[in-house]
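Hi,

Here is the structure I promised to pass on.

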Amino acid sequence: MAGSQMDFSRYPDARGYFGKFGGRFVPEVLMPALDELTSAYAETHSDVDFVREIEKELRDFAGRPTPLTFAQRLSNEIGAKIFLKREDLLHTGAHKINNAIGQALLARWMGKKKIIAETGAGQHGVAAATVAARYGMACTVYMGEVDTQRQRLNVQRMQMLGAEVVPVKSGSRTLKDAINEAIRDWVTNVGNTFYLIGSVVGPHPYPMIVRDFQSIIGRETRRQILEILSHLPNYVVACVGGGSNAIGMFHSFLNDEEVKLIGVEAGGDGSDKNAATLTRGRPGVLHGAMSFVLQNADGQIAETHSVSAGLDYPGVGPEHSFLKESGRVVYETVSDNEALSAFMSTARLEGLLPALETAHALAYLQKLKPRLNPSDVVVVCFSGRGDKDVETAQNVNMGAA
């Protein structure tokens, strides 16, 4: 079904479905808000001035375009040509700012005065707080209590930017529970509040909107690699939690059958069944959309664990579920230890400190290595920098010692 046999640009359909995945499974009170959002997005999507403002903000405030860096020493280690798409060089340190700028300007267009957001690793929360400050909006960020502890630096950054950070103490106290609380807030205050979702999850039109704002990653990458090499890469690799950086990177290559696309999920300690949603999950509804979901034997949402707060999520975006089922994208897993090893080796080989989320994609290069030839070209989405994860990595290393 992959490649030329399917035009992936046709998705989602008018009802927000990617095949059987996606849609809207929300309380009735939110349906008018989603309709309003859909109409506003359609208007702004074709408004020349709005599009130009986003382009200007991405260039002058966020720092686009980001470079495509050839990683010489990592290439020598892997035995192929490795290029890194450097989203870590954006303002706030990750790809999340691309989507935050777009949605914040959309919120302003709609006349909303307050932004709410969820965050796991804190990078989306920082991006949301940043754009709220820039455009003069109030901002509340929901974050699982566990994540506020392991990502303390980002909590402090959000607070310094003027956002209220609300620790969520229910459930597993991680990203899933933060989204639950953000949705509760939105239901209660839907009239004046804009929910700035950070990944390609949630009810339609959010997966489409976030994908579109993040697709600049793949568009730039495609142009840059053609300028450098005059041909497309053999492989494109990105980490997948909810999946925004991966969809952003993959989107421009979906109809190029010769480019192999690989999404890398968090596999936890390697034996944990409650990890790697696309590998071990099954179709179900979570946070307003039909997608692959990690579930227990009774069909309840399973609690997850990953050393990476941004990948610690029992669901995934519906478009990723569709791409898995279609066969266009292959999804693999990397364990905590493999990611931590890549975190350290990338720092020492290339002078680049990856986010632990990004380290999962980099770790997969070791598994890909036996299949590679020296002439093969692999592009990895370097989705964020690892300042926020230094304490976690250090604590794990000390524990191992």
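Below are my notes on the pockets, the strands, a helix pair and one glutamate.

First, the ground rules: this is a predicted model, with local features needing pLDDT of at least 70 and side-chain atom pairs counting only at pLDDT 80 or more, while totals for chains, interfaces and linings use all residues. Residues are numbered from 1 along each chain as its sequence is written, and side-chain values use heavy atoms, leaving out hydrogens and water.

Pockets

The largest pocket has a volume of about 450 Å³. (A pocket here is an open set of points on a 1 Å grid over the protein atoms alone, where a 1.4 Å probe fits, with protein on both sides within 12 Å along at least five of seven lines; lining residues have an atom within 4 Å of a point. Points are joined across faces, edges and corners, and the volume is the space filled by probe spheres set on them.) It is lined by 19 residues, and Ile54, Glu55, Leu58, Ile216 and Arg219 are the closest to its centre. Helices H1 (31–45), H2 (48–62), H9 (206–214) and H10 (216–229) each give at least two residues to that lining, with the largest share, six residues, coming from H2. (Helices are DSSP runs of H or I with at least four residues, strands are runs of E with at least two, and both are numbered from the N terminus.) By class, the lining has eight nonpolar, four polar and seven charged residues. (Nonpolar covers Ala, Val, Leu, Ile, Met, Phe, Trp, Tyr, Cys and Pro; charged covers Asp, Glu, Lys and Arg; the others, Gly among them, are polar.)

The second largest pocket comes out at about 160 Å³. It has 14 lining residues, and Ala342, Ser345, Leu362, Ala363 and Gln366 lie nearest its centre. H14 (336–350) supplies the largest share of this lining, six residues.

H9 and H10

These two helices also touch each other: Asp212, Phe213 and Gln214 in H9 meet Ile216, Ile217 and Arg219 in H10. (Contact means heavy atoms within 4.5 Å.) Their axes come within 5 Å and cross at roughly 30°. (Axes are lines fitted to C-alpha atoms, for helices over the stretch in contact, and angles run from 0 to 180 degrees between N-to-C directions.)

Strands

Four strands make an open, parallel sheet in the order E7-E6-E5-E8. (Two strands pair if DSSP finds at least two bridges between them.) E7 (164–168) and E8 (193–195) are at the edges with a single partner strand each, so one side of each has no neighbour in the sheet. Three bridges join E5 (residues 114–119) to E8, and lysine 114 stands opposite threonine 193. Helix H8 (residues 175–188) packs on the sheet, touching E5, E6 (138–144), E7 and E8.

Elsewhere, E9 (residues 235–240) and E10 pair in the parallel sense over six bridges, and cysteine 239 has valine 264 in E10 as its bridge partner. Six of the seven residues of E10 (residues 260–266) are buried, so this strand is largely enclosed by the rest of the structure. (Buried is under 20% relative accessible area, exposed over 50%, partly exposed in between, with a 1.4 Å probe and protein chains only.)

Glutamate 357

Glutamate 357 lies in helix H15 and is buried, at 9% relative accessible area. Beyond its neighbours within four places in sequence, glutamate 357 has contacts that include Cys239, Lys388 and Asp389.

Cheers
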